[in-house]
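Hi everyone, thanks for coming. Please have a look at it first.

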Amino acid sequence: MVAIRGVTLGELLVTPRRIIFRSTYNCVKSWKIEQVEEIVVKRHNNIKQAFEIYFTSSSSVLFVVDGKENLKEFLTTMQSLLAKQKVKANVVEKHELFFYESKFTDQWVKGVISNFKYLTLLNKYSGRSFHDINQYPVFPWLITNFTSSSIDLNSKEIYRSLDTTVAGMTELKQEAANDRVISLVKSPVEQYQFEGHYLPPSAVVGYMWRVEPYSSLASSYSGYEHFKKIMLYDIKSSWNNGLQDINDNKELVPEFYYLPEIFYNHNMHSFGNERIKEGVDRVIMPVWAKTPHEFVQANAKALESNEVSSELDKWIDLVFGVKQQDFRSYNMFKLSKEAHGENDGVNPINLFREKHPQKVLKAKDTYPIFNEEAKQLPFVLLKVKEIEEGPIVFLESFERRVVAVLDTQRVFYSKEAYVNAAYARAIAFESKGVALYPFKSFYNDAAEPYGTCDTSRSFVALQNNLIATCRHCDNSWKILNGLTGSIEKSVSFHNSMVNCICTTETKDKVFAGSNNGTVTMWTVKNFNSPLWYALDHSEEIITMDACESLDLLATAGTDNLIVLRKASNGKFISVMKPDGINAAEYTISHIRLSYRGYIIIVSKSKEAKDIISVYSVNGERICHRATQDSISSLVLSEDGYEFITGGRFGHLLRYRLLNLQCSDVLEDVAKEYPETAQVLREFSAWSPMITALNLTMREGSQQLLIGLNTGTLFAYKYSPRLIGS
């Protein structure tokens with residue numbers, strides 16, 4: 001078994017129900033065959049004698065077997081067992097063919113999957129693995145401006161060229177590469193331009209030596225004295241060195257795009273290095289990034305920008321495609337069967353025989369719940385439409401129709417959305433709503449004053465136009481047909497009222513939290529019994545959120561504790577008690593998980609002045625601030641770095657996640673589009689209480705639906721801001 005820390009020898013056994021690994025130290029690990037999601041053949045010493053097993057729990061394990069025959073025997077056995085148990089799992093042996101048939105490239109070109117997701121897939125199916133230090137996933141350097149006080153991610157001037165790897169970025173390195181080729185003409189050694197690979201194992205450890213298991217690996221690294229010199233201390237210096245040193249051709253690891261912790265030395269490692277004291281405990285950031293969190297945010301947004309998307313195909317050709325080891329592109333590296341030397345590297349498996357297609361760039365200016373004519377109209381707020389007297393507690397859109405649940409126990413459906421006038425678009429609703437199975441009211445209960453309940457966690461949209469509801473007096477939660485309101489299924493398991501529910505991005509799972517502190521996890525394929533359940537709190541659970549990409553579930557109770565578990569299997573991770581939240585004065589009312597790795601917490605006071613706190617999922621408090629509103633609803637933007645709140649006093653505020661800088665959404669609209677002033681005055685005239693928000697995200701466009709306590713609905717197009725813009 002292969003891991004970053006090293007290789008563990010042992011015996012691999014396959015039974016009709018389990019995969020079992022018994023190490024030479026008699027340590028046993030096992031996995032259920034029904035949990036296998038995919039098996040991908042990989043290389044070891046340039047021979048296909050390894051495979052990585054991916055599980056439904058979002059984990060994986062990498063094995064190397066002795067010879068191709070043993071590999072073939074294992075794959076044949078697994079294919080037979082997977083078929084017998086009717087487990088839908090891919091077994092990938094022919095990487096290029098599988099990648100082509102899976103249509104990943106077509107999805108990326110059309111913008112269905114993100115650049116980050118596509119690069120992750122390229123690494124996965126080209127033989128790279130997070131378990132193998134010699135073949136670690138590789139991502140490109142992008143931003144090259146480290147000295148400006150601010151940067152514009154829409155400007156091409158801040159980016160490197162992607163038509164060559166770091167190795168061929170400067171004339172100095174190109175000339176040195178040509179000289180090396182000439183010197184090797186009469187040598188028996190295979191010709192190459194660069195000795196330092198674009199991601200040798202020394203670079204992986206050098207980037208991440210502040211966190212385990214890379215710290216342990218760094219301390220025992222061969223050539224230790226020299227290795228101290230290539231440890232990452234300063235972002236700018238690392239890039240500049242790559243432009244000058246012919247043996248320093250490092251690209252980046254994926255963690256630069258999602259894990260700011262690699263830049264903090266929380267474990268206080270120094271390795272006796274006094275070369276740059278300032279950069280030991282925390283990597284020296286670019287001028288425009290105050291913290292590593294802001295640096296990672298900029299990298300992540302840059303990766304998805306149009307400027308990068310338009311040229312990323314060129315870099316893919318160099319690393320995964322037709323220009324791999326191409327002389328004219330200054331892309332010929334010294335390769336080895338196994339990366340023993342500090343600069344040695346292994347190229348990915350080539351996935352393409354033709355030039356990679358370019359991504360189609362789409363302008364993010366469409367209205368997903370409106371017809372084609374609406375796309376041509378200016379950015380405006382939708383005209384007021386009153387549905388029925390009573391607070392709107394839930395909003396969703398299905399098949400271009402808006403669904404609104406009111407606290408009056410009724411659900412309303414819009415007709416096909418249409419254009420009403422040049423600058424005002426209204427959503428017409430069916431005149432009669434559908435009565436719902438009774439649920440505990442949010443606004444007629446003295447024990448639950450305004451805003452103390454997270455109403456958006458009492459209704460969630462699922463796959464196949466389904467809606468899950470809770471707060472029913474029979475202690476059940478129910479599945480409704482989202483287009484008709486009829487009950488499809490009533491789920492009874494908890495012995496007290498189910499107070500909140502949530503789902504993940506894929507909308508194929510339901511998590512239910514009850515008044516007695518228990519939480520259960522269900523799948524849309526099986527509502528008969530939970531996949532797992534646990535006791536999280538000593539008091540009632542009042543809000544919760546789940547994130548598929550983080551494989552994380554967070555629950556909060558009236559005990560003011562937040563419990564984190566793995567969403568897939570319920571395994572306990574940690575418990576958090578937010579700083580400065582006095583139980584006598586504040587109660588947690590809302591939590592949200594950003595897939596970027598952050599937790600947003602709203603704590604409510606008796607004076608109706610809430611506190612917003614942002615933590616990393618590892619428990620580090622990033623920022624917090626007091627508000628002047630009693631927040632009732634909160635939605636995250638598509639990019640995960642902004643969120644919008646609505647509250648009792650009608651404030652619709654947009655916050656930046658990492659510093660909680662905020663602005664009034666409607667004021668922003670009025671400044672940019674003065675012609676909408678009349679519509680905005682109408683909104684203000686309502687003296688609204690905002691009771692529900694929904695951010696509809698489809699094909700890059702975002703439509704914000706705003707529900708009021710009067711049964712009135714507003715909507716407008718939402719555009720998240722880029723850093724420096």
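Let me start with what counts as a pair: the rings of Phe, Tyr and Trp (its six-membered ring) pair if their centres lie within 6.5 Å, with planes under 30 degrees apart called stacked, over 60 edge-to-face, and the rest tilted. Searching the whole structure that way gives 40 aromatic pairs. Take Phe-130 and Tyr-136: their planes stand at 80 degrees with the centres 5.4 Å apart, so this pair is edge-to-face. Tyr-136 is buried at 1% relative accessible area, while Phe-130 is partly exposed at 36%; buried means under 20%, exposed over 50%, and partly exposed in between, using a 1.4 Å probe and protein chains only.

A word on the model: it is predicted, so local features need pLDDT of at least 70 and side-chain atom pairs 80 or more, while totals for chains, interfaces and linings use all residues. Residues are numbered from 1 along each chain as its sequence is written, and side-chain values use heavy atoms, leaving out hydrogens and water.

Next, Phe-442 and Phe-459 make a tilted pair, 6.4 Å between centres and 50 degrees between planes. Both of these residues are buried.

Which residues form one aromatic cluster? They are Trp-141, Phe-146, Tyr-207, Trp-239, Phe-256, Phe-263, Trp-288 and Phe-295.

Finally, charges over rings, meaning NZ of Lys or CZ of Arg within 6 Å of the ring centre and within 35 degrees of the ring normal. Lys-124 has its charged end over the ring of Tyr-54, 4.1 Å from the centre, and Lys-478 lies over the face of Tyr-437 at 4.2 Å.
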